[in-house]
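Okay, everyone, thanks for coming.

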Amino acid sequence: MHNVTPINQYPKFWAECYGTAPFLPTSRKEMEQLGWDSCDIIIVTGDAYVDHPSFGMAIIGRLLESQGFRVGIIAQPKWDNKDAFMKLGKPNLFFGITAGNMDSMINRYTSDKKLRHDDAYTPNNEGGKRPDRAVLVYSQRCREAFKDTPIVLGGIEASLRRLAHYDYWSDKVRRSVLFDAKGDILLFGNAERALVEVAHRLANGEDVKTMTNIRGTAVNLPAEPEGFKIIDSSRIEKPSQAVFVPQNPYETEEQCESNKADAKEDKPQVITVRPSRHDAKTTAVRLPPFEKLNNDRILYAHASRVMHLETNPYSGRALIQRHGDRELWVNQAPIPLTTEEMDFVFDLPFARVPHPMYGKAKIPAYDMIKTSVNIMRGCFGGCSFCSITEHEGRIIQNRSKESILNELEEIRDKVPGFTGTISDLGGPTANMYRLGCSVPKAEATCRRPSCVFPKICEKLNTDHKHTIDLYREARKVKGVKKVLIASGVRYDLAIESPEYVRELVTHHVGGYLKIAPEHTEKGPLDLMMKPGMGTYDRFKSMFEKYSQEAGKKQYLIPYFISAHPGTEDEDMLNLALWLKKNNFECDQVQNFYPSPMCNATSMYYSETNPLKRVKYKKREDVPVAKGERQRRLHKALLRYHDPKNWKLIREALINMGKKHLIGDKPNCLVPEEDLDAQTPAERRQTGRHGAKRFATKHTKGQFDGDSRTSNNNNRNGKNNRNGKPAGQGQQQNRNGNAHSEKPTSSGKKNGVRNGYSNGKPSNNSKPSGNKPSANKPSGSGPKRKPKHR
């Protein structure tokens, strides 16, 4: 359908004669040892350099090396002056700038905008090694160092800021990062295709300013490109008899001058032209300009809706957006990689360990994913709090089984201290491998944001046979003793394949499995585009059935989001009552984190539902918890058992007319008085409350056979209840949806979930006394488990 050059079939650059480097050089001394006098390309990254396919700089660097280029790495440079950016000299072709596997702002601040003091992508988990808005700062320093060298932006931070976007930390709409960073070109999504094309065209002497038509790129232009029909969606049309009112933002209006004389009462005749959905090569959509979005929240919701409808790589159109006197031109999304191309990327000669310059320093993110394998990319779940569709795409890109099994053998042979446990086979989700639309023509034109909401599309193939076969073959690899699944299980898909659930529960759950219903109430769930609790109950029933058949005590742990747009106080109260009824105590909880580009962030900012047509009148308003007090209340209700929250909850219950929920009766949520002498941990360990309570963890109390209990010893690689090594697969991703807990294979964050780029791994993995740390990310504290949300 689309003619593209496979990324492994470009003629190699002349420097291929230097061969493969054991590690991409990070200093002049290393360059000299390789016999290099200069680098063709220098990658600047906010992460420590780990030569592993889950780290962006490694994927990008090794891919460019495979094309014959000499690639250097500047990892976590000091950014107060240009000196660190000059240590490898001037690159012959370009600087590649990335903030790293995480958005630098999410890496540095909690959802409550409090400063974090750790960084899992840094040696010894040390915080403060990258600047805020790292893409901007790094680009400025590179420009200072070598003024005329092209700057290519990429990675998760640039990708999700390619358009004018709401910025949670400054509470305003900011320009495209391409303008603020003064970059020459921006690559978005999994950018292998665009990256290889840009590199070869520059190597052939082409000026970067002429590269305006590469898929998966955004560029800064003085005017609209020629040869495109521009559909104007820059405004929300107001109803009026005298004004054309389109049915959707893609219709256009034309005044037919030749027919004016025939029109009654000289009223202008309006001819509606519906552009074909198959004219994406010659049609672009104009979004509202940055200046208007900065002052009009409803228009912002409209722009977000239009943008999300143009994500299909086959039928989505280019976008154009005015910024002052310049035009931001965002080309169509990149064509997904084929299985052969995916295999090529993952078969590159990665050392699979951190660069030797770090010595014995621990890099938590590496420790978490060093024995995990990424088997696919993309997600068709469409959860509104997640930006993965806008970043990795909705179409699943799969590796071959042979490539995956070869990587398992490589882990066995290369990873120091490998014990036989594979911590994960997954990706953005655990169970979308080789799933997708069964009708190619429908897939090429589909504009649905989700293939599984409000129900699973009839055209979606939900047969998990390929995943089941992969699991069985992986267990047979010599030297592999245990294969755990740590990526989030999309349980609404899993229940369509009971055989998959049986295989998962029987062989790949290390004591407990975490999934994410996210909420119990229909209002918030509909805005999240998540299934109702009936689906969770069905999966829970299957999980318990197959666990019992396998003779294992295994426990299902649900996770939830507080303060998501559309969630009212009563919704959170009902969720808290559900938690109490089911004997759950959430030890740490995550407030919604509005990251750029996702639908839920548009809801948060505009207080309007962009999942439906946006109008100034008759639009669907969305309640949003924005104030600090209300956000604290929503989080507190998830931790109803903590005495620190009782005062706030009591005040809220009285204001809501729910005073009957205060007291010591079984149906009450909080007591009338604070029990200062007894902490939640003490209550869990003693009396009738302690033995049956669970808070994303448990202590040495007795199990009651309920699946709502967990063995937290599995976390952090300790033994599980059966005395077997648990590895890191117990660190199930907090999302039961489409987001992987680990850094993605392309160096971009998989998840981008909860409106936030997968959340940051952290080091809250050590027990404190006899109370193990919870492994649910915290939205307010710096101590966090190395987990992605």
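Before I start, one term: when I say two residues touch, I mean that they have heavy atoms within 4.5 Å of each other. And keep in mind that this is a predicted model.

Let's begin with T149. Where is it? T149 sits in the loop between α4, residues 134–145, and β4, residues 151–153. So is T149 buried or exposed? Buried means under 20% relative accessible area, and T149 comes in at 2%, so it counts as buried. Who are its contacts? Leaving out residues up to four places away in sequence, T149 touches K90, P91, L93, F94, F95, R143 and D184.

Now, the sheet. Ten strands make an open sheet with mixed pairing, and the order is β2-β1-β3-β4-β7-β8-β14-β13-β12-β9. At the edges you find β2 (71–75) and β9 (229–232), each of which pairs on one side only. On average, neighbouring strands in this sheet are turned by 25° against each other, ignoring direction.

Let's zoom in on one pair. How do β8 and β14 run? Strand β8, residues 217–221, and strand β14, residues 326–330, are antiparallel, and four bridges join them.

α4 lies across β1 (41–45), β3 (94–98) and β4, and runs at about 160° to β3. Helix α7, residues 192–203, lies across β1, β3, β4, β7 and β8, at about 150° to β7.

UniProt, in an unreviewed entry, lists C379, C383 and C386 under "binding site". C383 lies in the loop between β16 (376–377) and α12 (388–391), and C386 is found in that loop between β16 and α12 too. Both fall under the 20% cut-off for buried: C383 has a relative accessible area of 3%, and C386 is at 6%.

Last stop, helix α22, residues 628–638. Which of its residues are buried? They are R631, L633, H634, K635, A636, L637 and L638. And what covers them? The cover includes β24 (555–562), α20 (569–581), β25 (590–591), α21 (599–606) and α23 (643–655).

Definitions and conventions. Residues are numbered from 1 along each chain as its sequence is written. This is a predicted model: local features need pLDDT of at least 70, side-chain atom pairs count only at pLDDT 80 or more; totals for chains, interfaces and linings use all residues. Side-chain values use heavy atoms; hydrogens and water are left out. UniProt positions are given in the numbering used here, feature names are shortened, and annotations may be inferred rather than shown by experiment. Helices (H or I, at least four residues) and strands (E, at least two) are DSSP runs, numbered from the N terminus. Buried means under 20% relative accessible area, exposed over 50%, partly exposed in between (1.4 Å probe, protein chains only). Two strands pair if DSSP finds at least two bridges between them. Axes are lines fitted to C-alpha atoms, for helices over the stretch in contact, and angles run from 0 to 180 degrees between N-to-C directions.
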